[in-house]
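Me: I would like to go through this chain in short questions. Please put the model up first.

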Amino acid sequence: LFALIFIFLVLASLYESIVTPLVIMSVIPFAIFGGFFGLFVMNSTLDVFSMIGCIMLMGLATKNSIILVDYINQKLEQGAALNDAILQGCKTRLRPILMTSLALVAGMMPVAIGLNEASSQRKSLGIAVVGGVLISTLLTLILIPAVFSYFERGRQWMIKNVGSKMITGEKDSGH
């Protein structure tokens, strides 16, 4: 819980927004689900090491989302249409996201396999991280663009309909 709050506060101060961190963090529940699913499939237990793995998952899933959202925001600032910015962001950031995720999976595989007695204690950490990374990477590339599009269209609608009335001082006639 503290990790989620800390991530939200850092992102809110970075983006000076409350909505953008929510978009970025929308993949975290699915990353945690992936970690638990990996533990379930591999018949492993939820212990201190797997909980540490879940905290690692939150950081990685958030980082992948930041990579994607940052690029989409840059394209929007340059004047690209929303759908074009999202498509170009997904195409351009696919390789860095996959490289980061696959490197982490490759690095965690020896821990997840637990070949000797010393590493068997940390096996649940590796399993949680590998399962969560695989699920969160897939969903980052699908979920974040959809959520970003939804929130951005809502923001544009608010600026167009509500913001102009606030600036001009118009009152709602109730129609």
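Me: Is E16 buried or exposed?
Reply: This is a predicted model, in which local features need pLDDT of at least 70, side-chain atom pairs count only at pLDDT 80 or more, and totals for chains, interfaces and linings use all residues. Residues are numbered from 1 along each chain as its sequence is written, and side-chain values use heavy atoms, with hydrogens and water left out. Buried means under 20% relative accessible area, exposed over 50%, and partly exposed in between, with a 1.4 Å probe and protein chains only. E16 has 74% relative accessibility, so E16 counts as exposed.

Me: Where is E16 placed, and what is its phi?
Reply: E16 sits in the loop between α1 (2–15) and α2; helices are DSSP runs (H or I, at least four residues) numbered from the N terminus. Although E16 is not a glycine, its phi is positive, at about 50°.

Me: Is N43 buried or exposed?
Reply: The relative accessibility of N43 is 70%, so N43 counts as exposed.

Me: How far is N43 from S124 in space?
Reply: Along the sequence, N43 and S124 are 81 residues apart. In space, taken C-alpha to C-alpha, N43 and S124 are apart by 9.5 Å.

Me: What separates the C-alpha atoms of T45 and S124?
Reply: T45 and S124 lie 79 residues apart along the chain. The separation of their C-alpha atoms is 6.8 Å.

Me: Which helices each supply at least two residues of the lining of the largest pocket?
Reply: A pocket is an open set of points on a 1 Å grid over the protein atoms alone where a 1.4 Å probe fits, with protein on both sides within 12 Å along at least five of seven lines; lining residues have an atom within 4 Å of a point. The largest pocket is lined by 13 residues, and T20, N73, F148, E152 and R155 lie nearest its centre. The helices that each give at least two residues to this lining are α2 (19–25), α4 (48–77) and α7 (123–168).

Me: How many salt bridges does the structure hold, and which side chains meet in one?
Reply: Side chains of opposite charge can pair when their charged atoms come close. A salt bridge is a side-chain nitrogen of Lys or Arg within 4 Å of a carboxyl oxygen of Asp or Glu. The structure holds 1 salt bridge. At 2.5 Å, N to O, the side chains that meet are those of E152 and R155.

Me: How far apart are E152 and R155 in helix α7, in helical turns?
Reply: E152 counts as buried at 8% relative accessibility, whereas R155 is partly exposed at 43%. E152 and R155 are 3 residues apart in helix α7, so their separation is about one helical turn.

Me: What separates the C-alpha atoms of P145 and L87?
Reply: P145 is in helix α7 and counts as buried because its relative accessibility is 9%. Along the chain, P145 and L87 are 58 residues apart. Their C-alpha atoms are separated by 8.4 Å.
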